[in-house]
Amino acid sequence: MASTKENYRVELRAAARQLGDRCLYSAAKWAAELLVGIEPDATPSQSAAMDTPSSSGAGPGGRLLHLHRSGGSSFRRRMRPGGGGGGSEAGTPLGGVSYVSTPIPDDDAFDAGADKYLLAKTYFDCREYRRAAHVLRGHVGRKAVFLRCYALYMAGEKRKDEETIELEGSLGKSNVVNQELVALERELSAYRRTGAIDSFGLYLYGIVLRDKGCEGLARTVLVESVNSYPWNWCAWLEIQSLCTTSDILNNLNLKNHWMKDFFIASAHLELKMHEEALKRYERLMGVFRCSDYIQAQIATVQYSMRELDDADMIFEELLRTDPFRVDSMDIYSNLLYAKESLTALSFLAHRVFLTDKYRPESCCIIANYYSLKGQHEKSVLYFQRALKLNRKYLSAWTLMGHEYVELKNTPAAIDAYRRAVDINPRDYRAWYGLGQIYEMMGMPFYALYYFRKSSHLQPNDARLWIAMAQCYESDPLQMIEEAIKCYERAANSNDTEGIALHQLAKLHSMLGQSEEAAFYYKKDVERMEVEERQGQNFVEALLFLAKHCKSIGRYEEAEHYCTRLLDYTGPEKETAKSMLQGIKREQSGFPSMDIDHFAL
C-alpha cells in the first residue's frame with residue numbers, strides 16, 4: 001500500500017509541475033490538492049494499532065469512517081454498506097483493479113529555446129497572449145508549439161469577449177466566434193497527422209474542435225490526450241462535458257489508469273447517477289483519505305440526493321479546515337438556501353466577500369443570500385455580476401431565472417432559463433423553470449413539455465412529478481388519470497412534503513374510487529402522525545376515513561376516527577358527533593328516528 005501511495009505522489013508531483021509550466025493552472029491546482037490529499041503513510045506503531053480489533057472503526061451495523069485532518073479536527077461520515085475503507089481495498093482506489101502504468105513524459109523545456117519559453121510564459125501570465133505567441137514563432141519543440149497555440153487561442157477568446165461586450169453588452173447574445181479557431185485547427189490537425197503532437201497539443205486540439213461544433217471528433221482527440229497523459233484534469237472535464245448520455249460515457253475507449261476512476265465518478269454525478277458516483281468516491285477515499293476535493297464531491301452528491309444534513313456537515317468541516325476556500329461553496333450556499341439557514345448563509349457570504357469578492361462563485365453566494373432575504377433586485381444584480389465574470393456559469397443563469405420569476409419579469413426569466421439549457425441541456429432546474437413560467441402563462445401543453453424534460457433528467461425528484469401532476473390536474477386539461485400516475489411517481493420518490501399522498505386520495509375520491517382514496521388517506525394520516533403535522537389536511541383525512549368506514553360497516557374504525565375528530569374545532573367536530581350517534585344507533589339495532597313518522 002505504501003509503495004502504491006508513493007507512486008501516486010511521484011506522478012502527481014510531476015503533473016503539478018508540468019501542468020503549471022504549460023500555464024494549465026486549474027489542472028495544476030487540482031493535481032497539487034490531490035497530492036496532499038493522499039493519506040500519510042502509517043508509522044509502525046500506528047499500523048500495529050490499526051490491526052487491533054478495537055481500532056477497526058467498524059461495527060456490525062455498518063462502517064463508520066473517521067477522517068482525521070491536520071490540526072486535530074475530525075468528523076465522522078457514515079459509509080454505505082460495501083463501500084470503501086476495507087483492508088483489501090486500501091492499496092488502490094478500487095479494490096482488485098489492475099491499473100495500466102503510464103510513463104511520465106520528459107519535458108523539452110530546457111533546450112536551446114528555454115529562455116524564450118520562459119519569457120513567453122511570463123507574457124502569458126500577464127495576459128499578453130499575442131506577445132507570448134510572437135516570442136515562440138519558429139520554435140518547433142512540442143512544449144513551445146503548445147504554448148504558442150494556446151496563447152493564440154486565449155488571444156482569440158479575449159478578443160471574442162471584448163467584441164461581445166461591444167456589440168451586445170456583457171450578458172447579451174452574440175454570434176461572435178474566436179477568429180483563431182480555423183488557423184489553429186489547420187495547424188494542430190497537421191501535427192496530429194504527422195505524429196508531431198503531444199498530449200497537451202491534443203488537449204488544445206480537442207477544445208478547438210469542440211468550439212467548432214465537431215463534438216464526436218473532439219471526444220476522440222481528447223480521449224487520445226488522456227490516454228497519453230492522464231493527469232490533466234481539465235482534459236477529463238472536457239470529455240465529461242461531451243458525454244451527454246451514459247451510452248456515450250460507456251463507449252469511450254479509455255485506458256484503465258487510476259485517474260479514470262475520478263473521471264467516471266464525476267461523470268456519474270453530472271449524469272445524475274448519484275448512487276454510482278457516491279460508491280466510487282467512497283472507494284477512492286481508501287487512498288485519498290484527506291482529499292478535500294473528494295469530500296466536496298461527496299457533499300455535492302448528497303445535496304443532489306436531498307440528504308441535506310449529511311452534506312451540510314461535510315461542507316462545514318471543509319470550511320473549518322480551509323476557511324478561505326471558494327470552490328464548491330456555491331453548492332453549499334444552495335444547500336443553505338434550501339434549508340432556509342439565513343444566519344449560516346450570511347456568514348458564508350461575508351466570508352467569501354472578504355476572501356475573493358470577484359469570483360463568480362462568490363457573487364452567486366451573495367446573490368443567494370439576498371434572495372433568501374427577499375431582496376430579489378439585489379440578487380439579480382449579483383447574478384449578473386457573476387455572469388459578467390463567467391458567461392458560461394450555468395447555476396447563475398438558472399438561479400437568475402428563478403429571481404426574475406419572483407419579480408414577475410417573465411421575458412427575462414425565459415431568456416435566462418434558455419441560456420442555461422443552451423450551456424447544459426441536462427440542467428433539469430432550467431427545464432423545470434420554463435415549465436413553471438408557461439404554466440403561469442396559461443399554456444399547459446408547453447409547460448408539460450418542459451416538465452417532462454426535467455423529470456426525465458431527474459426522475460427521482462418528487463417536486464418535478466408533482467408539478468407535472470398539477471399541470472394535468474389544471475382546469476384547461478383535467479387529465480385526472482395522468483395526474484394520478486404522476487402523483488404515484490412522486491409518492492415513490494420520497495415526497496417529503498406529503499403533497500402526493502393527499503392529492504392521490506382527493507383525486508381517487510373525486511373519481512368515486514373510495515377504496516383507493518381510503519388507502520391513500522390512511523397512509524397520509526400515518527405520515528402526518530410520524531411528522532407531528534396535524535393541520536387541515538389531517539382533519540380532512542380523518543373525516544373521509546370515518547365516513548368510508550361507516551359506509552362499509554366497519555363501525556369500530558369509524559368510531560375511532562370520529563372520536564379523534566372531537567379534538568378539533570369547526571364543522572368537522574359537529575359532523576363527527578352526528579356520525580357517532582348514528583353509529584351507536586346502528587350498533588344497538590334500533591331504527592333511525594324519523595320526525596315525519598310522528599307528524600299529526
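How many of the nine residues of helix 10 (residues 233-241) are buried?

## An enclosed helix

Seven of them are, so helix 10 is largely enclosed by the rest of the structure; buried means under 20% relative accessible area, with exposed over 50% and partly exposed in between (1.4 Å probe, protein chains only). Helices here are DSSP runs of H or I with at least four residues, numbered from the N terminus. The buried residues are Trp233, Cys234, Ala235, Trp236, Glu238, Ile239 and Gln240. Their cover includes helix 2 (25-36), helix 8 (199-211), helix 9, helix 12 (259-270) and helix 14 (292-304).

## About the model

This is a predicted model, where local features need pLDDT of at least 70 and side-chain atom pairs count only at pLDDT 80 or more, while totals for chains, interfaces and linings use all residues. Residues are numbered from 1 along each chain as its sequence is written, and side-chain values use heavy atoms, leaving out hydrogens and water.

## The nonpolar core

Ile239 of helix 10 turns up again in the largest nonpolar core, which has 186 residues. Such a core is a set of buried Ala, Val, Leu, Ile, Met, Phe, Trp, Tyr and Cys residues joined through side-chain atoms within 4.5 Å. Ile239 is among the members that touch the most others, along with Leu19, Trp258, Phe262, Phe263, Phe288 and Ile294. Helix 6 (residues 142-168) gives the most to this core: ten residues.

Leaving aside neighbours within four places in sequence, Ile294 is in contact (heavy atoms within 4.5 Å) with Phe262, Tyr281, Leu284, Met285 and Phe288.

## A look at Ala218

Helix 9 (residues 215-228) holds Ala218, a buried residue with a relative accessible area of 0%. Beyond its neighbours within four places in sequence, Ala218 is in contact with Gly206, Leu209, Arg210 and Leu242.

Methods:
Helices (H or I, at least four residues) and strands (E, at least two) are DSSP runs, numbered from the N terminus.
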